[in-house]
Amino acid sequence: MKIPAPIAMLAELTHRCPLSCPYCSNPIEMARQDSELDTQTWARVFDEAARLGVLQLHLSGGEPASRRDLIDLVSAARKAGLYTNLITSGIGLTERRLGDLDKAGLDHIQLSLQGTTPEMADEIGGYKGGYARKMQVAQWIGEIGFPLTLNAVLHRRNLHQLPRAIEMAQEMGARRIEVATVQFHGWALKNRDGLMPTREQAQTASRIVAEARAALKGQLVIDYVPADYHDDFPKRCMGGWGTTGLNVTPDGQVLPCHAAQTIPHLKFDRVHEKSLDDIWYNGSAFNAYRGTDWMQEPCKSCDRRLVDFGGCRCQAMALVGDASATDPVCVKSPHHGALQAQADTHASQTDAQLIYRVSPIQKVEPTS
C-alpha cells in the first residue's frame with residue numbers, strides 16, 4: 001500500500017502530572033523525569049515532523065505544564081511551522097505563563113474536565129482545589145483569546161453531568177467539546193469495575209449528544225467517543241494504524257498510538273537512533289498493522305475492513321490476547337457476546353474502589 005504522510009503528532013512531553021485520574025491513558029510503567037527528552041532534542045523532532053508532513057502538534061503528558069521549558073518548546077514548534085495544541089489540566093498554568101505561551105505562538109488549548117462540580121472534579125482528579133484552579137485558568141484563556149476545546153472524559157460516576165458539561169463549554173466560549181467516554185487503556189483498564197458505564201448510560205449519552213449537535217449546530221462542535229464495550233461496531237482507531245498520526249513518548253519512543261506499548265511483540269524505535277521519516281515509513285511497529293494484509297477472518301473478507309480496519313489493535317490485545325484479532329467490540333467477533341456480558345458485569349460493581357494513577361519518580365542513585 002502507498003503510505004501517506006502523517007498529519008498529526010502527539011508529543012508526550014512528560015508523564016508527570018499533579019492529577020491522579022484513574023482513567024489516565026498513560027502506561028502503568030511511566031517514563032521517569034530523568035529519562036525525558038531535553039529541549040534541543042524535542043526541537044529537532046519538531047523539525048523532522050514538519051519535514052515529514054505533520055501539520056498539527058499536540059503537546060501532552062501527563063501534564064505538559066510540568067515542563068519548565070514549555071515556552072521554549074512552543075517557540076520551537078512555531079519555528080518549525082507546526083500548528084500547536086496544548087492538552088492540559090490547567091494546573092501549573094498562571095496568567096503570566098499563558099501570556100508567554102501566547103507570545104510564543106501557541107495556537108490552541110484543550111482543557112480537561114474531570115467533572116462539572118468541585119466535588120466530582122476533585123474526587124476524580126485526586127487533587128483538592130483542582131476544579132477552582134481550572135475555572136480560573138479557563139477565564140484567563142478566554143481573556144487572552146485562545147481558541148478552546150473542552151475535553152470531558154465521562155464514565156459511570158459522572159455521565160449524568162454531560163448536559164452541564166455541554167453548557168459549560170458554551171459559557172467558556174469553547175469552539176468545541178470532546179465528549180469522550182472513557183477508553184479502557186492504561187490506568188483505566190485497571191479501573192473497569194469503577195468506571196464502566198451502564199448500557200442505559202451509554203444510550204442516554206448518545207441521545208444527548210445527538211440532540212445537542214442538532215440544537216447547537218454552527219455554535220459548538222461536539223466530538224463524541226461512545227462507550228466501546230456497549231457498541232456493535234468498533235471505531236476506526238487512529239484513522240487506521242500508521243496512516244494519520246504518531247506519538248512520541250517522554251523518553252523518545254515513537255509509537256503508532258498511545259497504547260501501542262501494550263502489544264508485547266512490537267519493537268519501537270527511538271528518536272535518538274533514527275529519524276522520524278525512517279521510523280514512519282520503515283519502522284516494524286508502524287508496518288505491523290498497516291493496510292489489510294495482517295487481517296484474520298472475519299475482518300479479512302468483511303465489507304467494513306476499509307471502514308474500521310478491524311478496530312483497535314490494543315483493545316484486541318487487552319481483551320483476547322491477540323493484537324491481530326477482530327476487535328471484540330465488533331458484532332462479527334466471536335468474542336462480542338462475552339465482551340457485552342463482561343461490560344454489564346463491570347458496570348454492576350457499584351462499590352468498586354478507584355485505583356488512582358501514580359506519577360513517575362526520578363530515579364535515585366544509590367549513595368556510596
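This is a predicted model: local features need pLDDT of at least 70, side-chain atom pairs count only at pLDDT 80 or more; totals for chains, interfaces and linings use all residues.
Biologist: What radius of gyration does the protein have, and why does it count as being as compact as a globular protein of its length?
Modeller: The protein contains 14 helices and nine strands. For 368 residues the globule rule gives 21 Å, and the value for the protein is close to this, so the protein is as compact as a globular protein of that length. The C-alpha trace spans about 55 × 55 × 45 Å along its principal axes. The radius of gyration is 20 Å.

Biologist: Which strands are the edge strands of the sheet?
Modeller: Nine strands make up an open sheet with mixed pairing, in the order S7-S6-S5-S4-S3-S2-S1-S8-S9. An edge strand pairs on one side only, and this holds for strand S7 (221–225) and strand S9 (254–255).

Biologist: Which residue of S9 stands opposite valine 248?
Modeller: S8 and S9 run antiparallel and are joined by two bridges. Across from valine 248, the residue in S9 is valine 254.

Biologist: Is asparagine 247 buried or exposed, and what is its relative accessible area?
Modeller: Asparagine 247 belongs to strand S8 (residues 245–248). Beyond residues up to four places away in sequence, asparagine 247 touches Leu10, Met238, Gln253, Val254, Leu255, Cys257 and His258. The cut-off for burial is under 20%. Asparagine 247 is therefore buried, with a relative accessible area of 4%.

Biologist: What is the relative accessibility of glutamate 12?
Modeller: Glutamate 12 sits in strand S1 (residues 8–12). Apart from neighbours within four places in sequence, the contacts of glutamate 12 include Asn26, Trp42, Gly61, Val248 and His258. Glutamate 12 counts as buried because its relative accessibility falls under 20%; the value is 5%.

Biologist: How far apart in space are glutamate 12 and glycine 125, C-alpha to C-alpha?
Modeller: Glycine 125 is one of the buried residues of helix H4 (residues 118–125), and Met120, Ala121, Asp122 and Ile124 are also among them. The cover over these buried residues includes helix H5 (130–144). Glutamate 12 and glycine 125 are 113 residues apart in sequence, and their C-alpha distance is 19 Å.

Biologist: Which residue does a cis peptide bond join to glutamate 297?
Modeller: Most peptide bonds are trans. A cis bond joins glycine 61 and glycine 62, with omega of about 15°, and glycine 62 lies in the loop between strand S2 (56–60) and helix H2 (70–80). Another cis bond, with omega of about 10°, joins glutamate 297 to a residue in the loop between helix H11 (284–287) and helix H12 (305–308): proline 298.

Biologist: What phi does methionine 238 take?
Modeller: Most residues other than glycine have a negative phi. Methionine 238 is in the loop between S7 and S8 and, at 29% relative accessibility, counts as partly exposed. Although methionine 238 is not a glycine, its phi is positive, at about 60°.

Biologist: What is the relative accessible area of phenylalanine 309?
Modeller: Phenylalanine 309 is placed in the loop between H12 and helix H13 (313–320). Its phi is positive, near 50°, in a residue other than glycine. Phenylalanine 309 is buried, because its relative accessible area lies under 20%; the value is 15%.

Note on methods: Residues are numbered from 1 along each chain as its sequence is written. Side-chain values use heavy atoms; hydrogens and water are left out. Helices (H or I, at least four residues) and strands (E, at least two) are DSSP runs, numbered from the N terminus. The radius of gyration is taken over C-alpha atoms; the globule rule is 2.2 Å times the number of residues to the power 0.38. Buried means under 20% relative accessible area, exposed over 50%, partly exposed in between (1.4 Å probe, protein chains only). Contact means heavy atoms within 4.5 Å. Two strands pair if DSSP finds at least two bridges between them.
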